Amino acid sequence: MPAQEIVNPIGVELDETGRRMRIRWDDGHLGEWNWQSLRRACPCALCAGEGNLPGVVTLETYFNPQQTTVERVKWIGRYALAPIWADGHDTGLFTYLKLRAMCECDEHAAASSADR
Ligand SMILES: [Zn+2]
Ligand SMILES: [Zn+2]
């Protein structure tokens with residue numbers, strides 16, 4: 001794996017109207033994620049599976065509005081955050097690297113669709 005630059009969040013913003021989360025990183029980048037995409041990508045053992053156990057979340061999973069509403073964000077050490085969802089789910093830890101990799105800002109969304 002190529003060495004990855006360490007970036008840290010300066011601030012997080014929850015956009016209830018657009019249902020998006022934004023993070024300003026200390027390299028100046030403004031990252032953006034749709035709440036629904038975040039919930040679908042939840043990396044916890046229940047949603048994503050663990051070992052031989054498949055997760056409950058698939059591409060077809062239907063989420064209700066509570067399950068795709070971020071109430072607030074819990075910081076985990078200096079490497080990850082966990083969205084606290086309106087249905088009480090809060091065990092999905094998104095590392096900063098994962099968030100950067102799945103960034104949905106205009107710049108990154110354009111770059112990843114050009115790859116396909
Ligand atoms: Zn989960
Ligand atoms: Zn981005």
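**Elements.** I counted the secondary structure first: the chain has four helices and eight strands. Helices here are DSSP runs of H or I with at least four residues, strands are runs of E with at least two, and both are numbered from the N terminus. I then read the order from the N terminus, which is β-β-β-α-α-β-β-β-β-β-α-α. The radius of gyration is 14 Å, close to the 13 Å of the globule rule for 116 residues, so the chain is as compact as a globular protein of that length. That radius is taken over C-alpha atoms, and the rule is 2.2 Å times the number of residues to the power 0.38. Along the principal axes, the C-alpha atoms fill a box of roughly 35 × 35 × 30 Å.

**Source notes.** This is a predicted model, in which local features need pLDDT of at least 70, side-chain atom pairs count only at pLDDT 80 or more, and totals for chains, interfaces and linings use all residues. Residues are numbered from 1 along each chain as its sequence is written, while chains are lettered from A and ligands numbered from 1 in the order in which they are written.

I looked at β1 (residues 9–15) and β2 (residues 20–25) next; they pair antiparallel over six bridges. Pairing requires that DSSP finds at least two bridges between the strands. L14 stands opposite M21 in β2. β1 and β2 form a hairpin, with four residues between them.

β2 also pairs with β3 (residues 30–34), antiparallel, over five bridges. I noted two facing pairs here: R24 has L30 in β3 as its bridge partner, and R20 stands opposite N34 in β3. This is a hairpin too, again with four residues between the strands. G28 in its turn has a positive phi of about 95°.

I checked the faces of β3. G31 and W33 lie on the covered face, and L30, E32 and N34 on the uncovered one.

**R19.** Most residues other than glycine have a negative phi. R19 sits in the loop between β1 and β2. I found R19 partly exposed, with 15 other C-beta atoms within 10 Å. The cut-offs are 20 or more such atoms for buried, 12 or fewer for exposed, and partly exposed in between, with C-beta atoms placed from the backbone.

I traced an open sheet of three strands, ordered β6-β7-β8, with antiparallel pairing. β6 (70–76) and β8 (94–95) are the edge strands, each pairing on one side only. Two bridges join β7 (residues 80–85) to β8. L81 stands opposite F94 in β8. I listed the contacts of L81, leaving aside neighbours within four places in sequence: V73, K74, W75, I76 and F94. Contact means C-beta atoms, placed from the backbone, within 7 Å.

**Core.** Which residues make up the largest nonpolar core? There are 11: M21, I23, W33, W35, L38, V70, L81, W85, F94, L99 and C103. Buried residues make up 14% of the 116 in the chain.

**Contact range.** Of the contacts between residues at least 6 apart in sequence, 34% join residues at least 24 apart.

How values were computed. Contact = placed C-beta atoms within 7 Å. Core = buried A, V, L, I, M, F, W, Y, C linked by C-beta atoms within 7 Å.
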